[in-house]
Amino acid sequence: MTTNNDIKIVTLGNTSVGKSSFIIKYIENKFTYNYIATLGLDFKQKKIKLKDGKDVRLRIFDTAGQERFRSVSVSFIKKADGVILIYDITNRETFDSIGEWIKNIREIGKELLPVVLVGNKCDLPEEERKVTLIEGKEKAEQFKIPFFETSCKDGINIKEAFDKIVEEITTKSNWSPNGEIKTLKKGNNNGKKCC
């Protein structure tokens, strides 16, 4: 059951990028090599305290990356307050799919939906890397979204990525802990009226 103090976050990305590992590391601080691919959808939750002291519950949806489940994953964007979009730095194809995922997010009419881009598995040996850190940063700049490289095994930047999406949701979207819709502003006009 959702409440007005729920923040709904959807993880998206191709299969085997580490979405389940990413969530479990954040929620339970555990890592295993033996995850079974998510079929359809799964979710976890965690209570956190915002910077202003308000208690909220994160409802984190773990979506399947397989092509046959892609429509299910995309449909959950409609209900999301924010998206963590994950690729595997050792798999070029997962990185090349980022543009298509962003297109799906934007086409659903969520132009201002907060998104954080994550390049996962940065603990793996450098010779296995197929996507550079610079390429990840440039992709994030292209879409004007925050970016992190993470490791679920070593816990690198997992909490930071979640903290950032929560910050983006609570400060830059129409989410409100009271269930009120805030007015979205695309820029600052310094109090001047336009047009």
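Strand β1 is mostly covered: seven of its seven residues are buried, where buried means under 20% relative accessible area with a 1.4 Å probe and protein chains only. The strand spans residues 6–12; strands here are DSSP E runs of at least two residues, and helices are H or I runs of at least four, each numbered from the N terminus.

Before going further, a word on the model. It is a predicted one, in which local features need pLDDT of at least 70 and side-chain atom pairs count only at pLDDT 80 or more, while totals for chains, interfaces and linings use all residues. Residues are numbered from 1 along each chain as its sequence is written, and side-chain values use heavy atoms, with hydrogens and water left out.

Two strands count as paired if DSSP finds at least two bridges between them. β1 pairs with strand β3 (residues 55–63) in the parallel sense over six bridges, and Thr 11 has Asp 62 as its bridge partner there. β1 also pairs in the parallel sense with strand β4 (residues 82–88), over four bridges; in that strand, Val 83 stands opposite Val 10.

What is the relative accessible area of Thr 11? The value is 0%, so Thr 11 is buried. Leaving aside neighbours within four places in sequence, Thr 11 is in contact with Lys 19, Ile 23, Ile 60, Phe 61, Asp 62, Thr 63 and Ile 84, a contact being heavy atoms within 4.5 Å. Leu 12 is also in β1, and counts as buried because its relative accessibility is 0%. Its C-alpha atom is 9.2 Å from that of Ile 77, a residue 65 positions away along the chain.

**Aromatic rings**

Now to the rings. Rings of Phe, Tyr and Trp (its six-membered ring) pair if their centres lie within 6.5 Å; planes under 30 degrees apart count as stacked, over 60 as edge-to-face and the rest as tilted.

| Pair | Centre distance | Plane angle | Type |
|---|---|---|---|
| Tyr 26 and Phe 162 | 3.9 Å | 15 degrees | stacked |
| Tyr 87 and Phe 95 | 4.9 Å | 65 degrees | edge-to-face |

Tyr 26 lies in helix α1 (residues 19–28) and Phe 162 in helix α6 (residues 158–172), so their pair ties together parts that are 136 residues apart in sequence. Tyr 26 and Phe 162 are both buried, and together with Phe 22 they form one aromatic cluster. Tyr 87 and Phe 95 are buried too.

A charge sits over a ring if NZ of Lys or CZ of Arg is within 6 Å of the ring centre and within 35 degrees of the ring normal. Lys 46 lies over the face of Tyr 26, at 4.2 Å from the ring centre, and Lys 139 lies over the face of Phe 95, at 5.1 Å.

**The chain as a whole**

Stepping back, the chain has six helices and six strands, which run β-α-β-β-α-β-α-α-β-α-β-α from the N terminus on. Of its 195 residues, 47% are buried. Among contacts with a separation of 6 or more, 71% join residues 24 or more positions apart.

How values were computed
Buried means under 20% relative accessible area, exposed over 50%, partly exposed in between (1.4 Å probe, protein chains only).
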